[in-house]
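This briefing covers one structure, shown below. Please read the notes against the sequence and the coordinates.

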Amino acid sequence: ILVDHKSWILKYARLLFQEIKNLNYPVSLARKHSEVKKGDILFILGCKNLLNKSVLIKNKFNLVIHESNLPKGKGMNPVSNQILKNKKKIICSMFNATQKMDSGPIVLKDSFKVKRDDFYEDWRFKQGMTTVKMCLKFLSLKRIVLKKQKGKPTFFKKLNNKMFEINVNSSIKKQHQILQAADFKKFVPFFKIKKKIFYIKK
């Protein structure tokens, strides 16, 4: 298991570590690319940078879970981007990583639903638990089929503060998705009145 930075996914990586350990499989949790050991499977759960070939060749499978219906929705912050577009069903694609971003063959797909009263901590929990479930499901597979990604790829925009601006001329009800997608730390919803900016605290 690899998580190479301080990420929200780390506690779910530790949960996965324990679940795999309970199955009596040898398992380790690496926090740096250089700590990745030779083995059969590497679950890449949270990485800021693409892995070099020298790291990828250490394991037969290098598995990443990306929360979109690949090849549609490649790129950063897939869940936030979809919530901002009012998507309620988030498809998760597990693929075998290559040196190109989000481009490897698909191994598994699953999904979770974002309810109207789900905010950041709620949907992150669903995302984390779906990640753990998919990894454990992969370990239980008797036959592994790799399916090449089909279709024209699309890419999500990198999140920016402008995406979290509330339009004062519209109702909050119609802009509810902005409050759902915001983490209220890096991205805080705000509105402007006469050039003054007002931030919404949780």
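Is Phe125 buried, partly exposed or exposed? Phe125 counts as partly exposed because its relative accessibility is 47%, where buried means under 20% relative accessible area, exposed means over 50%, and partly exposed lies in between (1.4 Å probe, protein chains only).

The model is predicted: local features need pLDDT of at least 70, side-chain atom pairs count only at pLDDT 80 or more, and totals for chains, interfaces and linings use all residues. Residues are numbered from 1 along each chain as its sequence is written, and side-chain values use heavy atoms, with hydrogens and water left out.

- Phe125 lies in helix H4, which covers residues 120-140; helices (H or I, at least four residues) and strands (E, at least two) are DSSP runs, numbered from the N terminus.
- H4 has 21 residues and spans 30 Å from its first C-alpha to its last, close to the expected 30 Å at 1.5 Å a residue; the expected span is 1.5 Å times one less than the number of residues.
- Buried residues of H4 include Tyr120, Trp123, Arg124, Met134 and Phe138.
- Leu15, Phe125 and Met129 make a nonpolar surface patch of about 250 Å².
- Patches are made of residues with over 30% relative accessible area and no salt bridge, with like charges joined within 9 Å and nonpolar side chains (Val, Leu, Ile, Met, Phe, Trp, Tyr) within 5 Å.
- Accessible areas come from the Shrake-Rupley method with a 1.4 Å probe, and for residues only the protein chains shown count as cover.

**Salt bridges**

- The structure holds 4 salt bridges, each defined as a side-chain nitrogen of Lys or Arg within 4 Å of a carboxyl oxygen of Asp or Glu.
- One of them joins Lys133 and Asp110, with the closest N and O atoms 3.2 Å apart.
- This pair links distant parts of the chain, with Lys133 in helix H4 and Asp110 in strand S5, 23 residues apart.
- Lys133 counts as partly exposed because its relative accessibility is 45%.
- Lys126 and Asp118 also meet through their side chains, at 2.5 Å from N to O.
- In that pair, Lys126 is partly exposed, with a relative accessible area of 22%, whereas Asp118 is buried at 7%.
- Glu165 forms a salt bridge with Lys162, the closest N and O atoms being 2.7 Å apart; Lys162 is exposed, with a relative accessible area of 57%.

**Sheet**

- Five strands form an open sheet in the order S1-S2-S3-S4-S5, with mixed pairing; two strands pair if DSSP finds at least two bridges between them.
- The edge strands, each pairing on one side only, are S1 (2-3) and S5 (106-113).
- S1 pairs with S2 in the parallel sense over 2 bridges, and the bridge partner of Val3 in S2 is Gly46.

**Backbone exceptions**

- Most residues other than glycine have a negative phi, and most peptide bonds are trans.
- Leu70 and Pro71 are joined by a cis peptide bond, with omega about 15 degrees; Pro71 is in the loop between strand S3 (59-66) and helix H3 (78-84).
- Asn24 has a positive phi, near 65 degrees, and is found in the loop between helix H1 (10-22) and strand S2 (39-46).
- Phe184 also has a positive phi, near 60 degrees, and sits in the loop between helix H5 (176-181) and strand S6 (190-193).
- Asn24 is exposed, with a relative accessible area of 70%, whereas Phe184 counts as buried at 19% relative accessibility.
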